[in-house]
Amino acid sequence: MGEPRIRDALDQVPEYRAGKPPAPGSGPSYKLSSNENPYGMLPRAEEAVREAATRVHRYPDMGARLLYEALAQRHGVAPERLAAATGSVAVLYHLLQAVCEPGDEVVYAWRSFEAYPIAVRLVGATPVEVPVTPTAEHDLEAMADAISPRTRVVVLCTPNNPTGPAISGADVLAFVRRVPADVLVVVDEAYVEFVRPAVDTARGGALPIVADHDNVVVLRTFSKAYGLAGLRVGYAVAPERIASAVRKVALPFGVSDLAQVAAVASLDDEDVMRERVEHLVSERTRVLAGLRAAGWFVPDSQANFVWLPTGAETMDVAAAFEQRGVSVRPFPGDGIRVTIGEDEANDLVLEVARGLSR
């Protein structure tokens, strides 16, 4: 007897490992392993979700009309240049499905977002990983040199998850100008709201580059700054032809009604969002200073997390945090990402870090 066939390519696909909650203990515990916003959804989003919950027996608007209209107004683009999905990572999956054939290459920095090699291999493409610099930044020169005739996509993650540094708009533009016109540049801006000096998130970041180049896509999400990680809604701002292709391959009714109404309401509550983000940025500054004062080498972070390059000691250091009720995100043999959380959670991170002083 035989058995159902599974694609051989899956043997090369790593498993995505989500951040774990802290183990139960006697004292307070904090989940700092998933870059979640500790303050929950915004007030207007919470109100909109409560009202929308009365109609969950109905399918959501497959065309996400109100969401696209709100995003189009905010970013000053036509709705046809938008494509939404269940988080920006899903948009990336759909994007690679739309443009990559087996044997094509996708270039990205490493270490970067762990979903990249999974998404690339699932479409039969070949990952080309370019090591980050000693300061945990994208090596844009090396990434440009890695582009070959087989390259179809280059991904820039800014700020970079999990290491933290961001790429300046000028450097992104200079890089795009070096990339062949038939190679798509995807700029993943999941953490753009946390960048300082602050960029104009409505019209800034890499968005102006999209307007002037037919091979650039910007990814955004409501999961981080807006506190909607559990509702899963992200989107791309892209040339119309690319956005249309992404929408074609997306799952029908993928973005739930609750997610759509929460996202639209969140755009109307930006003052509260900015206040919360500003406090998290202030806490990030405090945590970075405290870690460095304790002797840790910590790269500059422009996101809502910090990176500890712990190398071979990674799992031991992660266990030390876990013992104190702090769940962090270890990358074995490489380092640990620690989300900026509640003030008291950050206090505990610094206390543990000082006890492990380098």
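Predicted model: local features only at pLDDT ≥ 70, side-chain atom pairs only at ≥ 80, totals over all residues.
Below are some spots to look up in the structure.

**Cavities**

- How many cavities of 30 Å³ or more are there? The count comes to two.
- The largest cavity holds about 50 Å³ of space.
- Its lining is made up of R74, E193, R220, T221, F222, Y226, Y235 and L267.
- Sort the lining residues of the largest cavity by class and you get four nonpolar, three charged and one polar.
- The second largest cavity has about 30 Å³ of space.
- Around the second largest cavity you'll find S88, V89, L92, F113, Y116, D188 and L219.
- Five residues in the lining of the second largest cavity are nonpolar, with one polar and one charged residue making up the rest.
- Which helix gives the largest share of the lining of the second largest cavity? That's α3 (residues 88–99), with three residues.

**Two packed helices**

- When two helices pack together, you can describe the pair by the angle between their axes and the distance between those axes.
- Helix α3 turns up again here: α3 packs against α8 (residues 240–249) at an angle of about 105°, and the axes are 8 Å apart.
- Angles of 65 to 115 degrees count as roughly perpendicular, so α3 and α8 are roughly perpendicular to each other.
- On the α3 side, the contact uses V91, H94, L95, Q97 and A98, and these meet I242, A245, V246 and V249 of α8.
- By class, the contact between α3 and α8 has seven nonpolar residues, two polar ones and no charged ones.

- Where do you find R111? Look in the loop between β3 (105–110) and α4 (115–122).
- The peptide bond running from W110 to R111 is cis, and its omega is near 15°.
- Another cis peptide bond links N161 to P162, this time with omega of about 20°.
- P162 belongs to the loop between β5 (151–157) and α6 (169–178).
- N35 isn't a glycine, yet it has a positive phi of about 55°.
- To spot N35, go to the loop that lies between β1 (30–31) and α1 (43–52).

Definitions and conventions
Residues numbered from 1 in each chain as written. Heavy atoms only, no water. 1 Å grid on protein atoms, 1.4 Å probe; cavity = no way out; pocket = protein on both sides within 12 Å on 5 of 7 lines; lining within 4 Å. Points joined across faces, edges and corners; volume = space filled by probe spheres on them. Nonpolar A, V, L, I, M, F, W, Y, C, P; charged D, E, K, R; others polar. Helix = DSSP H or I, 4+ residues; strand = E, 2+ residues; numbered from the N terminus. Axes fitted to C-alpha atoms, helices over the stretch in contact; angles between N-to-C directions. Parallel < 35°, antiparallel > 145°, perpendicular 65-115°, else oblique. Contact = heavy atoms within 4.5 Å.
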